[in-house]
Amino acid sequence: MRGKLIIVTGLIAALTLALTAAGFWEKKPYTQWSEKDARKMLEKSPWCYEFNWGRQSNIGSDVTGPSVGSVPSPTSTPADDTRVATDAEREFITIVRVMLFSARPIRQAYATLIAKGDKARLEKLKDFAERDFGDEIVIAWVIDSKPKGATSVFDLDRQLRALAVGELANDTYIASSSGKKVFIKDYIPPTNDGTGAKFVFPRTMPDGTPFLTAADKSFRFQTRKFKMKDDAVAVDATFKVENLQLAGQLEY
């Protein structure tokens, strides 16, 4: 009897832990998401990979707007950061958010932010938020910086706007942990709605089988290197398949 009690107690504890660990997207529908929830989905969720590139330089040449406070280096801590920041010198972080735009949770987050709590407006965005992308996987790039306004953001945006799919054909692909790989089929430069540049891939292999299944552990997005100041920077993103679940279904 005691053994059974221990087992049952263990199962209850495991279930409680699982429920606690579940993301807000598993606890409530997107129609009940707050703007804070939506921003978290677009910045800190399994469907978004965040790449940071930092450099320290003169604030006058690196921001387009007014001077703002310094940002600590992402690789340092208060204990080991002995650098003294001046008004003329700051650490700038360029952020590339690589998002699975064809996954419903990402588009549902955008719909939530656009609606701004207006239920009628959110209903009008239902097709955008819930539609199936059919035979395509779409990966979006959204660029940001800390502090806001770093010229590296505008430089990278300019490069993305000048790109054509032919320039990406040989080095832009997604590859699964099981060894499957598909190359880019289309490219859409950054759009004015703030959802970024779009890299489009086929959802199936040439033989008609799915590129990705629940049996895969992860898949990786890779593209060409981009020029950031004096560096050639590669932005890779790896997504864990087991975390791309919504209501028991694989969402990507």
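Colleague: How do strand S6 and strand S7 pair, and over how many bridges?

Modeller: In this predicted model, strand S6 (residues 186–191) and S7 run in the antiparallel sense and are joined over four bridges.

Colleague: Which other strand is joined to S7, and by how many bridges?

Modeller: That is S3, which runs antiparallel to S7 and is joined to it by six bridges. Trp141 has Ala197 in S7 as its bridge partner.

Colleague: Is strand S7 enclosed or open to the outside?

Modeller: Count the buried residues along the strand. In S7 (residues 196–202), six of the seven residues are buried, so the strand is largely enclosed by the rest of the structure.

Colleague: Let's turn to the core. Which residues touch the most other members of the largest nonpolar core?

Modeller: The largest nonpolar core has 62 residues, and Trp141, Leu160 and Phe199 touch the most other members. Strand S3 (residues 136–146) supplies the largest share of this core, with seven residues.

Colleague: What does Phe199 touch?

Modeller: Leave out residues up to four places away in sequence, and its partners include Ile137, Val138, Ile139, Trp141 and Leu160. Further along the chain, Phe199 also touches Tyr187, Phe221 and Thr223, among others.

Colleague: How do I read a pair of aromatic rings?

Modeller: A pair of rings is described by the distance of the centres and the angle of the planes. This structure holds 16 aromatic pairs. Take Phe24 and Trp25: their ring centres are 5.1 Å apart and their planes stand at 75°, so the pair is edge-to-face. Phe24 is buried at 10% relative accessibility, and Trp25 is buried at 15%.

Colleague: What about Phe101 and Tyr110: which kind of pair do they make?

Modeller: Their centres lie 6.2 Å apart with the planes at 55°, so this pair is tilted. Phe101 is buried, with a relative accessible area of 7%, and Tyr110 is buried too, at 9%.

Colleague: Which residues form the aromatic cluster?

Modeller: Trp141, Tyr187, Phe199, Phe201, Phe221 and Phe226 form one cluster. You have already met Trp141 and Phe199 among the core residues with the most contacts to other members.

Colleague: Where does the charged end of Arg224 sit?

Modeller: Over the ring of Phe226, at 5.7 Å from its centre. Another case is Arg203, which lies over the face of Tyr252, 4.5 Å from the ring centre.

Colleague: What is the strand order in the open sheet of four strands?

Modeller: The order is S5-S4-S8-S11, with antiparallel pairing. Strand S5 (181–183) and strand S11 (237–240) stand at the edges with a single partner strand each, so one side of each is left without a neighbour in the sheet. From one strand to the next, the twist averages 15°. Strand S8 (residues 218–222) pairs with S11 over four bridges, and Phe221 has Ala237 in S11 as its bridge partner.

Colleague: Is Val153 buried or exposed?

Modeller: Val153 is buried, because its relative accessible area is 15%, which falls under the 20% limit. This residue lies in helix H8 (residues 151–162). Beyond its neighbours within four places in sequence, Val153 is in contact with Ile143, Asp144 and Ser145.

Colleague: Which backbone details deserve a look?

Modeller: Start with the cis peptide bond joining Lys146 and Pro147, where omega is about -10°. Pro147 lies in the loop between S3 and H8. Then check positive phi values in residues other than glycine: Lys116 has phi near 50°, and Ala247 has phi near 55°.

Colleague: Where is Lys116, and is Lys116 buried or exposed?

Modeller: Lys116 lies in the loop between helix H5 (104–115) and helix H6 (119–124), and is exposed with a relative accessible area of 58%. Ala247 is found in the loop between strand S12 (245–246) and strand S13 (249–250), and counts as exposed at 67%.

Note on methods: Residues are numbered from 1 along each chain as its sequence is written. This is a predicted model: local features need pLDDT of at least 70, side-chain atom pairs count only at pLDDT 80 or more; totals for chains, interfaces and linings use all residues. Side-chain values use heavy atoms; hydrogens and water are left out. A nonpolar core is a set of buried Ala, Val, Leu, Ile, Met, Phe, Trp, Tyr and Cys residues joined through side-chain atoms within 4.5 Å. Buried means under 20% relative accessible area, exposed over 50%, partly exposed in between (1.4 Å probe, protein chains only). Helices (H or I, at least four residues) and strands (E, at least two) are DSSP runs, numbered from the N terminus. Contact means heavy atoms within 4.5 Å. Rings of Phe, Tyr and Trp (its six-membered ring) pair if their centres lie within 6.5 Å; planes under 30 degrees apart count as stacked, over 60 as edge-to-face and the rest as tilted. A charge sits over a ring if NZ of Lys or CZ of Arg is within 6 Å of the ring centre and within 35 degrees of the ring normal. Two strands pair if DSSP finds at least two bridges between them. Axes are lines fitted to C-alpha atoms, for helices over the stretch in contact, and angles run from 0 to 180 degrees between N-to-C directions.
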